[in-house]
Amino acid sequence: MAEETSPLISVAELAEILENPGLVLLDVRWSLGQTDGRERYLEGHIPGARFVDLDRELAAAPSAARGRHPLPDRDNFERTLRGLGVNQESTIVVYDQAESFSAARLWWLLRSAGFDGSAGSAGSVRVLDGGLRAWAEAGQELSVGNARVAMPGDVVIQWGALPTIDIDEAAGFADDGILLDARAGERYRGETEPVDPRAGHIPGALSAPTSENVDATGAFLPADALRARFGALGVEDATPVAVYCGSGITASHEILALELAGHSAALFPGSWSQWSSDASRPAATGATP
């Protein structure tokens, strides 16, 4: 049996395959409330990397009914991938500045589109552990300006290979499973809410801030540490798990961390931005579910 490939790739591993013709390297630098990702990309990126605009290319238009970052339409996402030069058998590596909070969104979408490297699937996708920071700190080369796509890709994607839940399923998920809130603890507790209509969390959800999946450098914690972290929250092999955040971005990072720990989880794409926009949905506050 072939050894299972980690969803993460190290700087050293990436450096070895950087010149491979089948590699597609994607820069997904994005932060909540900031719009300078492309500018930062142009100032310095991994050679050959192409910039991906999270707000425009990895999400549909925001709405109260669907949240701030709804999942993109299948055809639009396929068009985006082709424009980035993605082919059916491409090896894709995604990265952001350091912690992989936004890169994980693209990882999740590509996995849901069939990029997992298994027999009969499209190509594979991996996340650069530690991101651009790790690459630069290792003394690796950076490029400036825009990396152009020589020829559009021809990929035909699947859709829906990873599980999701909707707002009604989220409401009762904690009755028989574990619903994790990946936002910062102060947002979960309802002490502050910088972007969404109401503060608090979905009743029954457990606080599991995404920031606790990584170390001080932005690299993911070892698998055993992640297993211990989620185990302390009650996540076991047979436990149904779903994750939400503010708008479905960093929840993807939590799902990646859960996979590293040996668990699978569903995404609630609308997340708190959708839930809090519906006045009929209750909001819990405080440190307990």
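Serine 63 counts as partly exposed because its relative accessibility is 31%; partly exposed lies between buried, under 20% relative accessible area, and exposed, over 50% (1.4 Å probe, protein chains only). The model is predicted, so local features need pLDDT of at least 70 and side-chain atom pairs count only at pLDDT 80 or more, while totals for chains, interfaces and linings use all residues. Residues are numbered from 1 along each chain as its sequence is written, and side-chain values use heavy atoms, with hydrogens and water left out.

Serine 63 sits in the loop between helix 3 (54–57) and helix 4 (74–83); helices are DSSP runs of H or I with at least four residues, numbered from the N terminus. Its C-alpha atom is separated by 32 Å from that of leucine 233, 170 residues apart along the chain.

The largest nonpolar core has 51 residues, of which Phe77, Ile92, Val94, Leu106, Leu110, Phe115 and Val243 touch the most other members. Such a core is a set of buried Ala, Val, Leu, Ile, Met, Phe, Trp, Tyr and Cys residues joined through side-chain atoms within 4.5 Å. Helix 5 (residues 103–112) supplies the largest share of this core, 7 residues. Apart from this core lies another, of 14 residues, including Phe173, Ala205, Ala242 and Trp272.

Helix 10 (residues 250–260) is largely enclosed by the rest of the structure, because 9 of its 11 residues are buried. Among the buried residues of helix 10 are His253, Glu254, Leu256 and Leu260. Glycine 262, with a positive phi near 95°, follows helix 10.

Definitions and conventions
Helix = DSSP H or I, 4+ residues; strand = E, 2+ residues; numbered from the N terminus.
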